[in-house]
Every structure is written in structure tokens, then in C-alpha cells.
Amino acid sequence: MTTILFIAGFFVFENKAQAQQDTSVQIKNPRQIGYTLFGAASFYAEKFHGRKTANGETFSRDEFTAACNVLPLGTWIQVTNIRNGKIAVVKTNDRLHPKNKRLIDLSMAAARKLGFVSAGLTRVKIIVLDQ
């Protein structure tokens, strides 16, 4: 009886490991042009203006850039505010904190163009344009 439970437990563990591998394969898909993501967006706090980003550029609140943990750095994306339909094209040049649950943090210029500065957060649709 104990042996059967051990074997059954091994299969469950193996299936969980395989599911995790499948998830990592899905993370590579955003590299494809046209790939679409949905999630929450916010914008950078003022204190980050002038600091270095993950790719070495200096962050400017006036440029159309974004931080994202899912997409490769340097990816050009179209961000659509789902609530009002406004669109901005930005380049990913930074990463979010690993525990952050948002999909993307945008520069102030992009947040203004998308019309959600006063709200602070919004739901967005992201389409990969180019890398």
C-alpha cells in the first residue's frame, strides 16, 4: 500500500513539473509580433525620473517607455486603455519589482496619453509590435 502511494505521489509531482514547464513555454510566446496580453497598468512614481532602467537607459517621465516583467527589454508595444480606448506605443526598457502583480508600469507621458493619471491604475490590452 505504501509503495502504491509513493508511486502515485511521484506521478503527481511529475505532472506538476510538466505543467510548470508548459508555463515557461508560454512566457516565451510574448516574443512573437501580435502577441496580446491583458492586465493592470500603473505609472512610475516621480522619484524614478532620472534613474537608470534595467537596460541602462536613464528613465524620463516624458518619454514613451514602460517596465514589464513578461516582455523582453527593448520590445515595442501598443498599449490600449480598455476603459476609454486610448492608445500609446511604448518601448519596454525596465523591469517591475518581482512581487509586483501589475502587468506594466508606464511613464507619465504614456499614462497621460492613455488618460488614467487621475485614476492611478487602469486595465490595458498590450499588443507586441516589434523587438
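**Which residues does Ser-60 touch, not counting residues up to four places away in sequence?** With such neighbours left out, Ser-60 touches His-49, Thr-65 and Ser-107, where contact means heavy atoms within 4.5 Å. The views below show a predicted model, in which local features need pLDDT of at least 70 and side-chain atom pairs count only at pLDDT 80 or more, while totals for chains, interfaces and linings use all residues. Residues are numbered from 1 along each chain as its sequence is written, and side-chain values use heavy atoms, with hydrogens and water left out.

**View 1. The protein chain as a whole.** The protein chain holds two helices and six strands, and along the sequence these follow the pattern α-β-β-β-β-β-α-β; helices (H or I, at least four residues) and strands (E, at least two) are DSSP runs, numbered from the N terminus. Of its 131 residues, 32% count as buried, a term that means under 20% relative accessible area, with exposed meaning over 50% and partly exposed in between (1.4 Å probe, protein chains only). Among the contacts in the protein chain with a separation of 6 or more, 73% are between residues 24 or more positions apart.

View 2. Six strands form a closed barrel in the order 1-5-2-4-3-6, with mixed pairing, where two strands pair if DSSP finds at least two bridges between them. From one strand to the next the twist averages 45°, with axes taken as lines fitted to C-alpha atoms (for helices over the stretch in contact) and angles running from 0 to 180 degrees between N-to-C directions. Strand 1 pairs with strand 6 in the antiparallel sense over six bridges, and here Phe-38 has Lys-125 of strand 6 as its bridge partner. Strand 1 is also joined to strand 5 by three bridges, and these two strands run parallel; in this pairing, the partner of Ala-41 in strand 5 is Ile-104.

**View 3. Strand 4 and its partners.** Strand 4 (residues 87-94) is joined by five bridges to strand 3 (residues 76-81), and the two run antiparallel. In strand 4, Val-90 stands opposite Ile-77, while Val-89 stands opposite Gln-78. Strand 3 and strand 4 form a hairpin with five residues between them, and Gly-85 in the turn has a positive phi of about 80°. Strand 2 (residues 65-67) runs parallel to strand 4 and is joined to it by three bridges, with Ala-67 opposite Asp-94. Six of the eight residues of strand 4 are buried, which leaves this strand mostly covered.

**View 4. The largest nonpolar core and Leu-106.** The largest nonpolar core has 19 residues, of which Leu-71, Ile-77, Val-79, Val-90, Ile-104, Leu-106 and Ile-126 touch the most other members. Strand 1, strand 3, strand 4, strand 5 (104-106), helix 2 (108-114) and strand 6 (122-130) each supply at least two residues of this core. Such a core is a set of buried Ala, Val, Leu, Ile, Met, Phe, Trp, Tyr and Cys residues joined through side-chain atoms within 4.5 Å. Not counting residues up to four places away in sequence, Leu-106 touches several residues, including Ser-42, Val-79, Val-90 and Phe-116.

**View 5. Ser-42 in strand 1.** Ser-42 lies in strand 1 (residues 36-43), and Ser-42 counts as buried because its relative accessible area is 4%. Leaving aside neighbours within four places in sequence, Ser-42 is in contact with Arg-102, Ile-104, Asp-105, Leu-106, Phe-116, Gly-120 and Leu-121.

View 6. A search of the whole structure finds three aromatic pairs. One of these joins Tyr-44 and Phe-48 edge-to-face, at 5.9 Å centre to centre and with 75° between the planes. Rings of Phe, Tyr and Trp (its six-membered ring) pair if their centres lie within 6.5 Å, and planes under 30 degrees apart count as stacked, over 60 as edge-to-face and the rest as tilted. Ring pairs link Tyr-44, Phe-48 and Phe-59 into a cluster. Tyr-44 counts as buried because its relative accessibility is 9%, whereas Phe-48, at 29%, counts as partly exposed. Ser-60 lies in the loop between strand 1 and strand 2 and is buried, with a relative accessible area of 17%. Ser-60 and Tyr-44 are 16 residues apart in sequence and 9.8 Å apart in space, C-alpha to C-alpha.
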